[in-house]
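Subject: A structure for you to explore

Hi there,

Here is the structure I promised to pass on. Have a look around it first, and then read my notes below.

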Amino acid sequence: MTIGELLKDERLAKAKTQKEWVGDIISTSYYAKVEKNKHRITAEDLLALLRRNHIDSSDFFQRLENNQDLIHEQEQTWSHMATDAVYHHDIPTLKNIVQSIKDSELPQDKKEEDALEVEGMIETLRIDYEKDYQPNLELQQKLKERIFSIPNFTKLKLQLYCDFMGFYDLDANKQIIKQIIKETANTTDNQIMLAVSAIINNFISASMSANHYDGLDYYISIVEKMPQIPELYLIKSSIAVHKYLIEYHFKKDEKYIDYCQKIAESYQLTGMKDFGKNVAAFIEQEKKKADISKK
């Protein structure tokens, strides 16, 4: 529930018209748009409205905070469900989450943002798993605009870009990543480092799948220089797989495949069976490509 919606609830509970409610604090037409979440109200005017209508401000803000907590909890639930659905390539569940968001009591702009992100997840799965895939260019453009409407490379912007970088070609991603590396070079924020390393990991994987291997050691070195912290363990191990596969690509030494397979086995032994299988399949794919090239 937004400030405008909560004000409307309070006004209706007191059986007042909008004109009676606002008096001469702000215009009735402006206030009507506040209730519809089309205009923001200043803190000064909000407090004046609460005083005029004998509403305890601490109670009002507590109700607002409690409601925001519930909204945040619901969004977290959707986020976890969506992540799990992507992991299991479950498009029907993602579609259900989109509908739940649209049917929720979130403010309209938040509904649109959250639903757009889950629709983007569906699009990424379609790219990877749908035969005769036809891109939803309008959706992809909306997501690109959403990402780069956020100023600076914040954690949110980096996470959104990481999730949807598949909508850009390799050259575009290379330019964006160079800027990200430049702007986050001195960060000590673990979450920023995690997002940057995940972006680099995705870029290396996409480059290798497209048979572009030259220059990837630079991106690998960026992640290797990051501190050895628990949050980065999974990404660093994935980067190691890429590093050894690139070594095998150029040197054809079987020890590098052995290293990769041991990492993939470790994933399965620690309960990440599907992830381990995907990594093993990627290793086999890259090995076959390298073996064909040396004949």
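How many aromatic pairs does a search of the whole structure find? The search turns up 12. Please keep in mind that this is a predicted model.

A pair of aromatic rings is described by two things, the distance of the centres and the angle of the planes. Take Tyr-213 and Phe-250 as an example: their ring centres are 6.5 Å apart and their planes stand at 80°, so this pair is edge-to-face. Tyr-213 lies in the loop between H11 and helix H12 (216-224), while Phe-250 belongs to helix H13 (residues 233-251), so the pair ties together parts that are 37 residues apart in sequence. Tyr-213 is buried, with a relative accessible area of 7%, whereas Phe-250 is partly exposed at 48%.

Ring pairs also link Phe-148, Tyr-161 and Tyr-168 into a cluster. Look at Tyr-168 from the side of Lys-144: the charged end of Lys-144 sits over the ring, 4.8 Å from its centre. You can find another lysine over a ring at Phe-153, where Lys-157 lies over the face at 4.9 Å from the ring centre.

In soluble globular proteins, nonpolar side chains tend to be buried together. The largest nonpolar core here has 68 residues, and Leu-94, Tyr-161, Ile-177 and Ile-200 touch the most other members. Helix H11 gives the most to this core, with 10 residues. A second, separate core of 14 residues includes Ile-41, Leu-50, Phe-60 and Leu-64. If you zoom in on Ile-177 and leave aside its neighbours within four places in sequence, you will see contacts with Tyr-161, Met-165, Ile-199, Ile-200, Phe-203 and Tyr-219.

Helix H11 (residues 190-209) also holds Asn-201. Is Asn-201 buried or exposed? Asn-201 has a relative accessible area of 9%, and because the cut-off for buried is under 20%, Asn-201 counts as buried. Its side chain makes a polar contact of 3.1 Å with the side chain of His-242. Beyond its neighbours within four places in sequence, Asn-201 is in contact with Ile-235, Ser-238, Ile-239 and His-242.

One last stop is Lys-255, in helix H14 (residues 254-269). Lys-255 is partly exposed, at 36% relative accessibility. Lys-255 and Tyr-244 are 11 residues apart in sequence, and their C-alpha atoms are 8.8 Å apart in space.

Enjoy exploring!

Best wishes

Definitions and conventions. Residues are numbered from 1 along each chain as its sequence is written. This is a predicted model: local features need pLDDT of at least 70, side-chain atom pairs count only at pLDDT 80 or more; totals for chains, interfaces and linings use all residues. Side-chain values use heavy atoms; hydrogens and water are left out. Helices (H or I, at least four residues) and strands (E, at least two) are DSSP runs, numbered from the N terminus. Buried means under 20% relative accessible area, exposed over 50%, partly exposed in between (1.4 Å probe, protein chains only). A polar contact is a pair of N or O atoms within 3.5 Å; within protein, one must be able to donate a hydrogen and the other to accept it, and residues adjacent in sequence count only if both atoms are side-chain atoms. Contact means heavy atoms within 4.5 Å. Rings of Phe, Tyr and Trp (its six-membered ring) pair if their centres lie within 6.5 Å; planes under 30 degrees apart count as stacked, over 60 as edge-to-face and the rest as tilted. A charge sits over a ring if NZ of Lys or CZ of Arg is within 6 Å of the ring centre and within 35 degrees of the ring normal. A nonpolar core is a set of buried Ala, Val, Leu, Ile, Met, Phe, Trp, Tyr and Cys residues joined through side-chain atoms within 4.5 Å.
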